[in-house]
Amino acid sequence: MNTPPTFLRRTFTGLALAAFAASAWSQAYPSKAITLVVPFAAGGPTDVVARTLAATMAKTLGQTVVVENKLGAGGTLAAGYVMKAAPDGYTFLIHHNGMATSTALYRKLAYNPMTDFEYVGQVVDVPMTLLGKKGLAPKTLPELVTYVKANGRGMNLAHAGLGAVSQLCGMLFQQAVGVELPTVPYQGTAPALNALLGGQVDLLCDQTTQTLQHIKVGSVQLYGVTTLERIPSLPSAPTLSEGGLKGFEVKVWHGVYAPKGTPRAALEKFNEALRVALKDPTFATRMTELGAVIVPESKQTPEGLKTWLQSEIDKWGPVIRAAGVYAD
Ligand code: MLT
């Protein structure tokens, strides 16, 4: 039998060693704690979903998933941070609709959500609620609309920065009513809700994940939910559409991303841990308590997230450009 030339023997040996190293790496992954970056303040809606998810996924991964809050610029700072992070399988991002809306709000965005990331899958959908501070004169949505039309310039609306869903919802409310309100940005709706509870701001649109408890004890005034159908967690609350803002709809969705170039084996293991977590009964019960709905299996995939993200960019881009709201 002829012996292969030396250069071929070396090439085969090199390839075999590389394949062995890759397989050993995938077997050992994850071998240390993983970081899940959250773009908004601790204690707020995105943070609550992230921390519950991180604790549940850790059970499958056999490693801690550490939540790190990177605040600023309506969530774009965190996305930019993860885009530049080492693609080694140890940094992931959880983000919501802002991943899509920021492409229209920021004309000079530091990243392209469709090309600069890897996709893991979607997590939960969350309805929003339009709230006023306790004691605000209007008690229903029609009363609020009349009141805002008469007193809008003297009122204010809190949100979590350009790129936040609270900002998107507030912008749609102003458009629907035809009044521009002074706005107050925070680095998440956790501090924004505190300001509403403290009476420093008048209005806030925020997710049930943190508003349900306050609505139930009456520490805020509820004007309606932002979904087209009423929601099981607040069955007697009218939708904003029912209250007169026809067709008003904002639903918050969450996706998990990784830096471009993250090894396939890491993406697959993280996706598997995500899908296991979304079937975990304790996770499901907690999400129901918060008014969040686990997405169907078809959306718990990289392709499901990527396709959805593109559809959301296509949906919100024209709306934001028509509103003429820009961060830069
Ligand atoms: C948060 O987690 O603080 C909110 O999701 C911010 C937002 O309104 O988008």
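Which residues are buried in α8? In this predicted model, the buried residues of α8 are Thr208, Thr209, Gln210, Thr211, Leu212, His214 and Ile215. The helix spans residues 208-217, and because seven of its 10 residues are buried, α8 is largely enclosed by the rest of the structure. The elements against which these buried residues pack are the helices α2 (45-61), α7 (189-197) and α10 (281-289), together with the strands β4 (117-133), β7 (203-207) and β8 (220-225). Just after α8, glycine 218 adopts a positive phi of about 75 degrees.

A search of the whole structure finds one disulfide, formed by cysteine 169 and cysteine 205, with the sulfur atoms 1.9 Å apart. The torsion about the S-S bond of this pair is about 45 degrees, so the disulfide is right-handed. Because cysteine 169 lies in helix α6 (residues 165-177) and cysteine 205 in strand β7, the pair ties together parts that are 36 residues apart in sequence. Both ends are shielded: cysteine 169 counts as buried at 1% relative accessibility, and cysteine 205 is buried with a relative accessible area of 0%.

In soluble globular proteins, nonpolar side chains tend to be buried together. Here the largest nonpolar core has 65 residues, and those with the most contacts inside it are Leu53, Phe92, Val123, Phe173 and Leu203. Helix α2 gives the most to this core, with eight residues. Apart from it lies another core, of 16 residues, among them Val37, Ala79, Tyr119 and Leu309.

Leaving aside residues up to four places away in sequence, phenylalanine 92 touches Tyr29, Ile34, Thr35, Leu36, Val37, Val82, Val120, Val256, Tyr257, Ala258, Leu267 and Phe270. Threonine 91 lies in strand β3 (residues 91-95). Threonine 91 is buried, with a relative accessible area of 13%, a value under the 20% cut-off. With the exclusion of residues up to four places away in sequence, threonine 91 touches Thr35, Val37, Val82, Ala85, Ala258 and Pro259.

Valine 145 belongs to another part of the chain, helix α5 (residues 141-151). Valine 145 is buried as well, at a relative accessible area of 14%. Not counting residues up to four places away in sequence, valine 145 touches Val177 and Leu245. Valine 145 and valine 217 are 72 residues apart along the chain, and their C-alpha atoms are separated by 24 Å.

Which residues surround the ligand? They are Phe40, Pro45, Thr46, His96, Ala160, Ala164, Val165, Ser166, Gly188, Thr189 and Gln207. On its own the ligand has 270 Å² of accessible area, of which the protein covers 100%.

Key:
Residues numbered from 1 in each chain as written. Predicted model: local features only at pLDDT ≥ 70, side-chain atom pairs only at ≥ 80, totals over all residues. Heavy atoms only, no water. Buried < 20%, exposed > 50% of the residue type's maximum accessible area, 1.4 Å probe, protein only. Helix = DSSP H or I, 4+ residues; strand = E, 2+ residues; numbered from the N terminus. Contact = heavy atoms within 4.5 Å. Core = buried A, V, L, I, M, F, W, Y, C linked by side-chain atoms within 4.5 Å. Near = heavy atom within 4 Å. Areas by Shrake-Rupley, 256 points an atom, 1.4 Å probe, with all protein chains shown as cover. Disulfide = S-S within 2.5 Å.
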